[in-house]
Amino acid sequence: MENITKLAEEYALTLAKVQERRKHWQLQTKPFLLKHLKEITEKTKLTWKSGSNETMQNLESIFIVFDSEPSGIVEQTQFSVVNKIKVGGFLSFSQNRNGQVIAWISFPFIDNMTEEKTKHEVLETVEPEEINEESVNRFMHKFLDEMIQWENDARDEIGFVRHK
């Protein structure tokens, strides 16, 4: 019985930690991310914006995303001309179910060009209080390095969709 009591106490502490993380996210982490990412978009001359997805309370995300734009690829048939759109990549700071924050990247893609799913990469899972200017700038550096590499490499263009 002593072991069960000890585990029950540990579980209660875990539940309290989740609530503490969620409170920190709402009061400090989320406002900081919104402000800092907005400052980044305003200080740079790139076609991107910052924003939030607050559809699900306690599963929110704050992100910076490149705008969608023409890819320069045009599909021409005898009946139509279709400009393929490049959907911009993004860096997201997403609240996990336990209140931790996942920093992750979604890579750009050319709409209707491959059958593969959009590539994502988790950078790190951190406590909300670990999100600060230094950590965000480190994630931004990694994000921009990955976007540069995606633009420079032709590594993802295998497996084109066949149109009949």
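Predicted model: local features only at pLDDT ≥ 70, side-chain atom pairs only at ≥ 80, totals over all residues.
Helix 1 contains a kink of about 50°, centred on Trp-25. Helix 1 covers residues 2-43, which gives it 42 residues. From its first C-alpha to its last, helix 1 reaches 58 Å, close to the 62 Å expected at 1.5 Å a residue.

Trp-25, where the kink is centred, is also one of the buried residues of helix 1. The others listed with Trp-25 are Val-18, Arg-21, Thr-29, Lys-30, Leu-33, His-36, Leu-37, Ile-40 and Thr-41. What covers these buried residues? The cover includes strand 1 (48-53), strand 2 (61-66), strand 5 (90-95), strand 6 (101-106) and helix 2 (133-152). Several of these elements return in the paragraphs below.

Strand 5 deserves attention next. This strand is mostly covered, since 5 of its 6 residues are buried. Strand 5 pairs with strand 2 in the antiparallel sense, over 5 bridges; within this pairing, Ser-92 of strand 5 is the bridge partner of Phe-63. Strand 5 also runs antiparallel to strand 6, to which 6 bridges join it. Here Phe-93 has Ala-103 in strand 6 as its bridge partner. Strand 5 and strand 6 form a hairpin with 5 residues between the strands, and in this hairpin Gly-99 takes a positive phi near 90°. As a general principle, the strands of a sheet pair through backbone hydrogen bonds, either parallel or antiparallel.

An open sheet is formed by 3 strands in the order 3-4-7, with antiparallel pairing. Strand 3 (69-76) and strand 7 (109-110) stand at the edges of this sheet and have a single partner strand each, so one side of each is left without a neighbour in the sheet. Strand 4, which comprises residues 81-87, pairs with strand 7 in the antiparallel sense over 2 bridges. At this pairing, Val-87 stands opposite Phe-109 in strand 7.

A pair of aromatic rings is described by the distance of the centres and the angle of the planes. In the whole structure, a search finds 4 aromatic pairs. How are the rings of Trp-48 and Phe-66 arranged? Their centres are 4.9 Å apart and their planes stand at 25°, so the pair is stacked. Because Trp-48 lies in strand 1 and Phe-66 in strand 2, this pair ties together parts that are 18 residues apart in sequence. Both Trp-48 and Phe-66 are buried.

The pair of Phe-93 and Phe-139 has ring centres 5.8 Å apart and planes at 65°, so this pair is edge-to-face. Phe-93 belongs to strand 5 and Phe-139 to helix 2, and the pair thus links distant parts of the chain, 46 residues apart. Phe-93 and Phe-139 are both buried. Ring pairs also link Trp-48, Phe-66 and Phe-143 into a cluster.

Charged side chains meet aromatic rings as well. The charged end of Arg-138 sits over the ring of Phe-139, at 4.7 Å from its centre. Phe-139 is also the residue whose ring pairs with that of Phe-93. In another such arrangement, the charged end of Lys-119 sits over the ring of Phe-107, 4.5 Å from the centre of that ring.

Notes. Residues numbered from 1 in each chain as written. Heavy atoms only, no water. Pairing = 2+ DSSP bridges. Helix = DSSP H or I, 4+ residues; strand = E, 2+ residues; numbered from the N terminus. Expected span 1.5 Å × (residues − 1). Bend = angle between axes of the 7 residues up to and from the residue. Buried < 20%, exposed > 50% of the residue type's maximum accessible area, 1.4 Å probe, protein only. Contact = heavy atoms within 4.5 Å. Phe/Tyr/Trp six-rings, centres within 6.5 Å; stacked < 30°, edge-to-face > 60°. Lys NZ or Arg CZ within 6 Å of the ring centre and 35° of its normal.
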